[in-house]
Amino acid sequence: MPSGSRSDLTEPPFYLPQFEQAYRYIIDEYLVQPRETAIFIPCAVRKPYSQSPSHKLFHGMFHDVFPDHGRYHVVIFGTCGTVPAELELMYPYAHYHYMLGNVKDQRIKDDFLRIETQRLIGYLEKTRFTYEKRIAYCIGIFRAAMEAATAETKIPVEIYPTRPVIEKLYDADCPFPEGSLSMQEYLDEFRAALIRVRDA
C-alpha cells in the first residue's frame, strides 16, 4: 500500500506516479467487500473527503435513505482516480490540493477525461460481480468520464442528475454553467433515485 506524509501535492494528481501506484493497489490487491449498491460521488477539495461540506451533505442523505448502512458502498472518483471511501486517509488521497474546475488548459482537461475514464473502466471491471446496482452523482467532465466508462464496459450505472434537470438549471453566464451538486433540485432528484434503487 502506498505510504507517505507529504501535504504539498499541487500538480494535477492524475499525472502523478503516487496516484497511479495507489490506483494499482486498489485494482490489483485491495479486496472490495460485496455490497448491494455502489454509490459513486466526486472527490472534494477539502481532505479528508468526508469532512467536506458536500460529502457531509451526501453522506447524511445516504444514512437517511439506507437505514441499513451495510447495503451500500461509497466510491469516490475524479481527479483522485477511483477510491473506495474507506481508503480516504490513505496516501496520497488526503495529501493533495487541486481543483480541475479552475483549469483553462484544454489539453489538461482532455488528459483527465482519458485517464479517469480508463481508471473507472478498471474499477468497474474489477467490481463487475461485487455490486448488484450502481448509481453515480456527477456533472461536467466527471459525468463524461463515467458515461464513457459505462459505455465501454457495458456495466450499467444510473447517473444523476439527469440531463433534463441539468438543462433546466443550466446557466451559461455562470463560471460553472451546470452549477453545483449541492443545488436543491439536483439533490431532490438524487434522493428520489436512491429511494428507487433501495426499494427495487
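Student: What should I keep in mind before I start?

Tutor: This is a predicted model, where local features need pLDDT of at least 70, side-chain atom pairs count only at pLDDT 80 or more, and totals for chains, interfaces and linings use all residues. Residues are numbered from 1 along each chain as its sequence is written, and side-chain values use heavy atoms, with hydrogens and water left out.

Student: How many helices and strands are there in the protein chain?

Tutor: Helices (H or I, at least four residues) and strands (E, at least two) are DSSP runs, numbered from the N terminus. Here you get 6 helices and 5 strands, in the order α-β-α-β-β-α-β-α-β-α-α.

Student: And what about burial?

Tutor: Buried means under 20% relative accessible area, exposed over 50%, partly exposed in between (1.4 Å probe, protein chains only). In this protein chain, 52% of the 200 residues count as buried.

Student: At what angle do α1 and α3 pack?

Tutor: Axes are lines fitted to C-alpha atoms, for helices over the stretch in contact, and angles run from 0 to 180 degrees between N-to-C directions. Helix α1 (residues 17–28) and helix α3 (residues 106–126) pack at about 15 degrees, with axes 10 Å apart. Angles under 35 degrees count as roughly parallel, over 145 as roughly antiparallel, 65 to 115 as roughly perpendicular and the rest as oblique, so α1 and α3 are roughly parallel.

Student: Which residues of α1 and α3 make the contact?

Tutor: Contact means heavy atoms within 4.5 Å. From α1 come Phe19, Glu20, Tyr23, Ile26 and Ile27, and from α3 Gln118, Arg119, Gly122, Tyr123 and Lys126.
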